[in-house]
Amino acid sequence: MRLILLGAPGAGKGTQAGFIKEKFNIPQISTGDMLRAAVKADTPLGLAAKKIMDEGGLVSDDIIIGLVKDRLKQPDCAQGYLFDGFPRTIPQADAMKEAGVAIDYVLEIDVPDAAIVERMSGRRVHPASGRTYHVTFNPPKAEGKDDVTGEELIQRDDDKEETVKKRLAVYHDQTEVLVDYYNKWAASGQPGAPKYRKIAGVGPVEQIRDSAFAALQG
């Protein structure tokens, strides 16, 4: 099972990635994790990436694709792999295609913006323990207080409505084009084209999980 997960920030990709990894016994490939591992291991690509990051630059797609190709040679990728948060742009998707990175499925988790804003802006956190609540879906017993300690809950900056809306705008501007890109490729019937599947990311987590598994069977 070799797949790419697409969806807006807050669409629940991380949660569903966990279920998919477990079911198919495949690793989740995150470019951030790969970069950190390559830098730590002092690989040639890692050293090149570190130099760019130390200078405050953005690591080039060439280096990222090189890291991806190295990562896919690891034994844990023998049964497949799951890309979450990559590719983010058309040039990255093109580079993956040119590098011959095989993809069986592209799975899009579709959630309306309004639902994402409600989902994320309603989160509250107890900083000391990491316990999370939601003002609508999982409220604390006493408003604004942790159930166990009674301490104040906070709203993380990442979860503030204006931040969530900015992240969604970036997603629609830069990454949503991949939906069209992979849809067209899947419909082309070309050799090596992935299957494109879209599921609704609203409702109970288990229901979304079952939809994801069903989409990856057909």
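Author: The model is predicted. Helix α1 (residues 13–24) packs with helix α9 (residues 205–215), their axes 10 Å apart and at an angle of about 50 degrees.

Reader: Why is α1 oblique to α9?

Author: Angles of 65 to 115 degrees count as roughly perpendicular and those under 35 degrees as roughly parallel. The angle between α1 and α9 is about 50 degrees, which makes α1 oblique to α9.

Reader: Is the crossing of α1 and α9 right-handed or left-handed?

Author: The crossing of these two helices, α1 and α9, is right-handed.

Reader: Which residues in α1 and α9 meet?

Author: From α1 come Thr15, Gln16, Phe19, Ile20 and Lys23, and they meet Val205, Ile208, Arg209, Ala212 and Phe213 of α9. By class, this contact of α1 with α9 has 6 nonpolar, 2 polar and 2 charged residues.

Reader: Now the cavities. How does one look for them?

Author: Empty space left between atoms shows up when a probe the size of a water molecule is rolled over them. In this structure, a search of the whole model finds 1 cavity of 30 Å³ or more. The volume of the largest cavity is about 30 Å³.

Reader: Which residues line the largest cavity?

Author: Its lining consists of Ile4, Ala93, Met96, Lys97, Val101, Ile103, Tyr182 and Trp185. The largest share, 3 residues, is from α5.

Reader: How do the residues of that lining divide by class?

Author: The lining of the largest cavity has 7 nonpolar residues, no polar ones and 1 charged.

How values were computed
Residues numbered from 1 in each chain as written. Predicted model: local features only at pLDDT ≥ 70, side-chain atom pairs only at ≥ 80, totals over all residues. Heavy atoms only, no water. 1 Å grid on protein atoms, 1.4 Å probe; cavity = no way out; pocket = protein on both sides within 12 Å on 5 of 7 lines; lining within 4 Å. Points joined across faces, edges and corners; volume = space filled by probe spheres on them. Helix = DSSP H or I, 4+ residues; strand = E, 2+ residues; numbered from the N terminus. Nonpolar A, V, L, I, M, F, W, Y, C, P; charged D, E, K, R; others polar. Axes fitted to C-alpha atoms, helices over the stretch in contact; angles between N-to-C directions. Parallel < 35°, antiparallel > 145°, perpendicular 65-115°, else oblique. Left-handed = near helix turned anticlockwise from the far one by under 90°. Contact = heavy atoms within 4.5 Å.
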